[in-house]
Amino acid sequence: MLYNLEFIKIGPEFELAGVGFAGNIFITLNAILHLGNDDTLRVDMTKEECACTEKTKLFNTDNCWKYYFNQANLPINQPYNTLNSLLSAKIQYGDSFTNPKIYSDLKHRFFSNFSLKDNVKQSVDSFYNQNIKGKHTLGVQVRLTDMKYYHKVSDVDVYLRRVDSLLEEDSSIEQIFLATDDSRVIAIFQEHFSVPIVYYTDMFRADDINPHNEPYDRFKSYRNNHRYNMGLECLQEILTLAKCDCMLRAHISSISILACIFSDNLKNIYTL
């Protein structure tokens, strides 16, 4: 049976349907767990504005999910079932997400329903081949900005100390792939560690002028197709973390969770 997952607002006080783009992928994974193995899921982000929705049609679609993923079309004059993004949780943020093997079936089911657009896959593969392939790499996600401001997640010093301990434990680590929402973290890592720090250089991140302390600050930019590019950058960091040899996950972040679920090479996932 075909199911259509419609994204709606959590409540009237929210500006956007669902949550952030990584969180929306997590919601989609949760929806898959509500279905049978032979069912098909498609994502519908057209009912209300979502995190990556552009103001005008992009790539000939109003459904921002289809900016990044291929999926089945709704049949004409044939029945299908409708779900919404407020489905009860089958997987919880409180889970450890340190063993990718647990989620191998969920990963398979996700990519049985959806495939990456060619440009997304090519951008990740190109970065991986040029910067990570053949080098024992520790992936690190540092999530700060509004999470640090409101939820008091670990600050950057905690990450530095934990990475120091991991480098001492594993002398084979040649470099660090850094995924972060705060550009200031990059300079701190580069100054602190002697191993190379690899990262996407052209991403939109917080800085001194715009620290992104409020949840919706990151959605404001004069950049062309800013919402689309935020989603693309989110996917690039998720899928690149998933290709590292090991990962230090952020205190609380859907990006780290998805990297675990979508793991390609991860052998060890560490917590703070």
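Visitor: What makes the meeting of Lys243 and Asp264 a salt bridge?

Guide: This is a predicted model, so everything here is computed from it. The side chains of Lys243 and Asp264 come to 3.2 Å, N to O. The cut-off is a Lys or Arg side-chain nitrogen within 4 Å of a carboxyl oxygen of Asp or Glu, so the pair qualifies.

Visitor: Where in the chain do Lys243 and Asp264 sit?

Guide: Lys243 is in the loop between H7 and strand S9 (246-248), and Asp264 is in the loop between H8 and strand S10 (268-270). They are 21 residues apart, and the pair links distant parts of the chain.

Visitor: How do you know whether Lys243 is buried or exposed?

Guide: Buried means under 20% relative accessible area. Lys243 has 16%, so it counts as buried. Asp264 has 42%, which lies between the 20% and 50% limits, so Asp264 is called partly exposed.

Visitor: Which residues are linked with Lys243 and Asp264 in a network of salt bridges?

Guide: Lys107, Lys121 and Asp125 belong to that network too. In total, the structure holds 15 salt bridges.

Visitor: What about Glu237 and Arg205?

Guide: Their closest N and O atoms are 3.4 Å apart, again a salt bridge. Glu237 is in helix H7 and Arg205 in the loop between S8 and H7, so the pair joins parts 32 residues apart in sequence. Glu237 has 6% relative accessibility and counts as buried; Arg205, at 9%, is buried too.

Visitor: Why is S7 called largely enclosed?

Guide: Six of the six residues of S7 are buried, so the rest of the structure largely encloses it. Both faces are covered: Gln175, Phe177 and Ala179 are buried on one side, and Ile176, Leu178 and Thr180 on the other.

Visitor: How do you know that S6 and S7 pair?

Guide: Pairing needs at least two bridges. Six bridges join strand S6 (residues 137-142) to S7, so they pair, and they run parallel. Val140 stands opposite Leu178 in S7. S7 and S8 are joined by two bridges and also run parallel, with Phe177 opposite Val198 in S8. From S7 the chain crosses through helix H6 (residues 184-192) to S8 in a right-handed β-α-β crossover.

Visitor: What makes S2 and S4 edge strands?

Guide: Three strands form an open sheet in the order S2-S1-S4, with parallel pairing. S2 and strand S4 (81-84) each pair on one side only, and that makes them the edges. The twist averages 30 degrees from one strand to the next.

Visitor: Which residues have the most contacts inside the largest nonpolar core?

Guide: Ile25, Tyr68 and Phe69 do, in a core of 64 residues. Leaving aside neighbours within four places in sequence, the contacts of Ile25 include Trp65, Phe110 and Leu258.

Visitor: How do you know that His212 is buried?

Guide: Its relative accessible area is 3%, and the limit is under 20%, so His212 is buried. His212 also has a positive phi of about 55 degrees, although it is not a glycine.

How values were computed:
Residues are numbered from 1 along each chain as its sequence is written. This is a predicted model: local features need pLDDT of at least 70, side-chain atom pairs count only at pLDDT 80 or more; totals for chains, interfaces and linings use all residues. Side-chain values use heavy atoms; hydrogens and water are left out. Buried means under 20% relative accessible area, exposed over 50%, partly exposed in between (1.4 Å probe, protein chains only). Helices (H or I, at least four residues) and strands (E, at least two) are DSSP runs, numbered from the N terminus. Axes are lines fitted to C-alpha atoms, for helices over the stretch in contact, and angles run from 0 to 180 degrees between N-to-C directions. A nonpolar core is a set of buried Ala, Val, Leu, Ile, Met, Phe, Trp, Tyr and Cys residues joined through side-chain atoms within 4.5 Å. Contact means heavy atoms within 4.5 Å. A crossover is right-handed if, with the strands pointing away from the viewer, the path from the first strand over the helix to the second runs clockwise.
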